[in-house]
Amino acid sequence: MTEPALEIADLRVAFPGGLEAVRGVSLSVARGEVLAVVGESGSGKSLTMLGAMGLAPRGALVSGSVRLKGEELIGARQARLRALRGDRIAMIFQDPLSALNPVLPIGEQIAEAIRLHRPRMGRKEIGERVLDLLALVSVPDPKRRAAQHPHEFSGGMRQRAMIAMAIANDPDILIADEPTTALDVTVQAQVMEVLARLRERLGLGLVLVTHDLGVVAGVADRVAVMYAGKVAEEAAVDPLFADPRHPYSRGLLGSVPRIAGGATRLTAIPGAPPRLGAREPGCAFAPRCVLAHAACAEEPPLRPAGSGAAACWAADEPAPEPEAEAHGETRHAVTGAPLISVRDLVKEYPLGKSLLPWRAAERLRAVAGVSFELAAGETLGLVGESGCGKSTLGRSVLGLIRPTSGSVTFRGREIAGLPAAEMRPLRRHLQMVFQDPFGSLHPRMRVGEIVAEPLRLLGEVGPKAAAKAEACLERVGLEAGFARRWPHELSGGQRQRVGIARALALEPEALVLDEPVSALDVSIQAGVLNLLADLQAELGLAYLFIAHDLAVVRHISHRVAVMYRGRIVELAPADALYSAPLHPYTERLLSAAPLPDPAAERARRRIAPREPESGGAASGGCPFRAACPRAAPECAEAPPLLARGEGRLVACWSPG
Amino acid sequence: MAEALARARRPSWLTVPVALGVVVVAFWIVAALTAPLWGLDEPLKMVARRLQPPSAEHWLGTDALGRDVFSRTIHGARISLAIAAVVVLAAVAIGAGLGALAGFFGGWWDAAVMRLVDVTLAFPPVLLAMAVAATLGPGLENAAVALVAVWWPVYARLMRAQVLEVKTREHVEAAIAGGATRSRLLFKHILSLCWTPIQVNATMDVGQVILLAAALSFIGLGASPPTPEWGAMISEGATQFYSWWIAFGPGFAILTLVLGFNFLGDGLRDLMDERSSR
């Protein structure tokens, strides 16, 4: 290996009060190399990078050594650090919108980044450099785009602009902190490709900080897994995925649902990562570890294991057999009378108000005529990218949003557009679990009260309701003691369990789950997914499972519906849809989804999209027409959702 | 012990001005509650020769009728604090009530309430208070009514904005999905999270109300002459140009109390911010 461009040795970041968030991290990256730093929230992965760049929050104490091409950065003067940042070492963040100035054209902002470090460069030269940079990050039509403002860029385009700005001065090291977390899968795949290409073209060293193992599999050379402020394991990408040595890495890999199917039970890591300041001495992972033994009372150092290094006393022991797959049967389609049936559901939102009172305002069709059925005990997965109308659809089914037209029936009874007072008694049968485990719980109510709250619908209050609430909490794996705690005392996964317990309190027949695991870390996510599967088996619940993560949806669903711009474009049994997609949009989604398997990820061919998309349904014809590789003249007319084979529906004139 | 004190960390909201505010406000509240027990001269009785400068016997001198200014100032706290408390509570009750309903129900009710708010806020507050007080006639009760009329719209606006924001949070949607009734939604799930800015504003407004009540009395629209009200006292002192001490007592009282409540409000806001960010 060549000499490292960035070498971090024993980096520590501590906060006043003795809270050490980064506890001696050593990493190195050479030019032309991609190092992935993977960890869950709170693992200290971002703070390590911020600390290395001298950007740690005010009051944080940074110690250790960070060498950029041999030059020590810890303790360097602020002026020197400023000169280096953006020139020799650059960083991009998760949210490009907040990092861009909304009132300056993109080109001007990139030029600014150059001017700051190359004050003598001529105006014309800078202008040309800006266009080159935009072309380099695959922004089409750079000349026109450079004059545009950030709001005219889509999320993926903004992130490319940020990358262009970061590489403007040809840095040695680019640190990308969750660069694609806020982006849709198809866009994420494109941005990752841009980053991978930059490594080849410019030979820069790339540090990819992420929580998503799938994202790094195809791009990274080496992977460092962080846990509780330390590197738990570091290894080249192939051995790490094939033969992880640290039990935490194994747990992480086991808890990722696979898009390739085989709906086995996920191996969730029990418990939650330790909170800052509440750490026991000894190995930080020991409380959650299946291999924990007496030696773990002493913190293990990072030592060679296999082809890499792992901080575990048991790193050389063989991996324990995964627990018996008792629930491992594949999910087969459930048949029976539909519990919920949706017909031609439409939800429109007015786009502002028309100035002329007799002219109706323009309308956005968030949901543009959707029909499906949900049987008792069945899970229907609803996938789509952000803005495709999947959440609006889910809320319309529950009457939380009043649909513009169309029908929703529950056990044959029409419930669309029902007045609130008539809807209320029906709510005990139809419940919802929300995406945000923080926002969906009342911050000033105790957990027990929150879960008991829906029981008021049955007129149950007081001790009887409290007892029921405790039973519900136990059902979702929280001891009764949680009833007296406040939401802010709980971790994300625990809160989401409280949300599920609340939905179960009324013993409903169907649940709408709106991205129930997308805000959770993978190891926690696996536990919640397993819980949902168990509850369905026990209680015979029907799920409408809304998510953007294709692997998660496949894992839990019997049937899957793919939504695009307010319509269902394909609906099929999960196995059939994932193994042989018929609609070109489904194909594209599947080809973009990251696989947690380095060899497969490098080998696959991605379907290049034709244009960036945004907004609701197109005005006429097939909504996917503009981006479709198989577009034909007949697509000027919108294709209906037609049956193709057993149980499959596709809205395309030339499927599969 | 000293070591334990040194290690105990001062909460970030407790700054020197806030501590000062707490002390000043506490002093005046205690003074108002216990004024008759201090063994001071009767505030309404002539106790000495008129227009005496401050002395050991009469700390703030005597006024044009030979009454003890210090005693009158301390007794004045009873009136000023009482009127401020009543006005702020009434304004919060009316304003926050109307604002909450406007934000929750929206539609024509919202439009009606908010236009009334706009109209009221379009007048300069002092002018409007004067106009209302003048219409009702002089007297402390009428001055209080006038001040409530000026102050409620502020709370209506604040509460409406707060309700509109909390209304869209996911836990409210979760409550709807759980079958909560409308009144349960409003009182349990929305209003319980709306009070913080109201509390902070109300604290700061106590000082402002004291100031404006004194202003009304100063121009003869509030308390009438013998009452030891600060505004009225300053008004009397203003005619005695060379006897500065007559206006000094009540003037200083108003200054400290208004400042005290402002500092207190600042501290309260920081405390609430700290709590909500946790």
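# A walk through a two-chain model

Both faces of strand β8(A) are covered: Gly205(A), Val207(A) and Val209(A) are buried on one side, and Leu206(A), Leu208(A) and Thr210(A) are buried on the other. Here "buried" means that 20 or more other C-beta atoms lie within 10 Å of a residue's own, with 12 or fewer for exposed, partly exposed in between, and C-beta atoms placed from the backbone. Strands (E, at least two residues) and helices (H or I, at least four) are DSSP runs, numbered from the N terminus.

This is a predicted model, in which local features need pLDDT of at least 70 and side-chain atom pairs count only at pLDDT 80 or more, while totals for chains, interfaces and linings use all residues. Residues are numbered from 1 along each chain as its sequence is written, and chains are lettered from A and ligands numbered from 1 in the order in which they are written.

**Strand β8 of chain A and its partners**

- Strand β8 covers residues 205-210 of chain A, and 6 of its 6 residues are buried, so the strand is largely enclosed by the rest of the structure.
- Strand β3 (residues 34-38) of chain A runs parallel to β8(A) and is joined to it by 5 bridges; two strands count as paired if DSSP finds at least two bridges between them.
- Strand β7 (residues 173-177) of chain A also pairs with β8(A) in the parallel sense, over 5 bridges.
- Val209(A) of β8(A) stands opposite Val37(A), and Asp177(A) stands opposite Val209(A) as well.
- Leaving aside neighbours within four places in sequence, Val207(A) is in contact with Val29(A), Leu35(A), Val37(A), Met49(A), Ile173(A), Ile175(A) and Ala176(A); contact means that the C-beta atoms of two residues, placed from the backbone, lie within 7 Å.

**The largest nonpolar core**

- A nonpolar core is a set of buried Ala, Val, Leu, Ile, Met, Phe, Trp, Tyr and Cys residues joined through C-beta atoms within 7 Å.
- The largest one has 277 residues, and the members that touch the most others are Val207(A), Leu208(A), Leu544(A) and Leu147(B).
- Helix α3(B) gives the largest share of this core, with 16 residues.

**An open sheet in chain A**

- Four strands with antiparallel pairing form an open sheet of 4 strands in the order β14-β13-β16-β17 (chain A).
- Strands β14 (363-375) and β17 (413-414) of chain A stand at the edges with a single partner strand each, so one side of each has no neighbour in the sheet.
- Strand β13 (residues 338-350) of chain A is joined to strand β16 (residues 405-410) of chain A by 5 bridges, and β13(A) is joined to β14(A) by 10 bridges.
- Ser341(A) has Thr409(A) as its bridge partner in β16(A) and stands opposite Glu373(A) in β14(A).
- Ile340(A) has Phe410(A) as its bridge partner in β16(A).

**A covered helix in chain A**

- In helix α4 (residues 106-117) of chain A, the buried residues are Ile106(A), Gly107(A), Gln109(A), Ile110(A), Ala111(A), Ala113(A) and Ile114(A).
- Their cover includes α5 (123-136), α6 (142-146) and α7 (155-166) of chain A.

**Chain B: helices**

- Chain B has 11 helices and 0 strands.
- Of its 278 residues, 43% count as buried.
- The C-alpha trace of chain B spans about 75 × 65 × 25 Å along its principal axes.
- Helices α2(B) and α3(B) pack at an angle of about 100°, with their axes 8 Å apart; axes are lines fitted to C-alpha atoms, for helices over the stretch in contact, and angles run from 0 to 180 degrees between N-to-C directions.
- These two helices, α2(B) and α3(B), are therefore roughly perpendicular to each other, a label for angles of 65 to 115 degrees.
- The contact brings together Trp28(B), Ile29(B), Ala31(B) and Ala32(B) of α2(B) with Ile74(B), Ala77(B), Arg78(B) and Leu81(B) of α3(B).

**A buried loop residue in chain B**

- Thr62(B) is found in the loop between α2 (16-34) and α3 (69-105) of chain B.
- Thr62(B) is buried because 28 other C-beta atoms lie within 10 Å.
- Thr62(B) and Leu51(B) are 11 residues apart in sequence, and 5.1 Å apart in space from C-alpha to C-alpha.

**Where the chains meet**

- 20 residues of chain A are in contact with 15 residues of chain B.

Definitions and conventions: Parallel < 35°, antiparallel > 145°, perpendicular 65-115°, else oblique.
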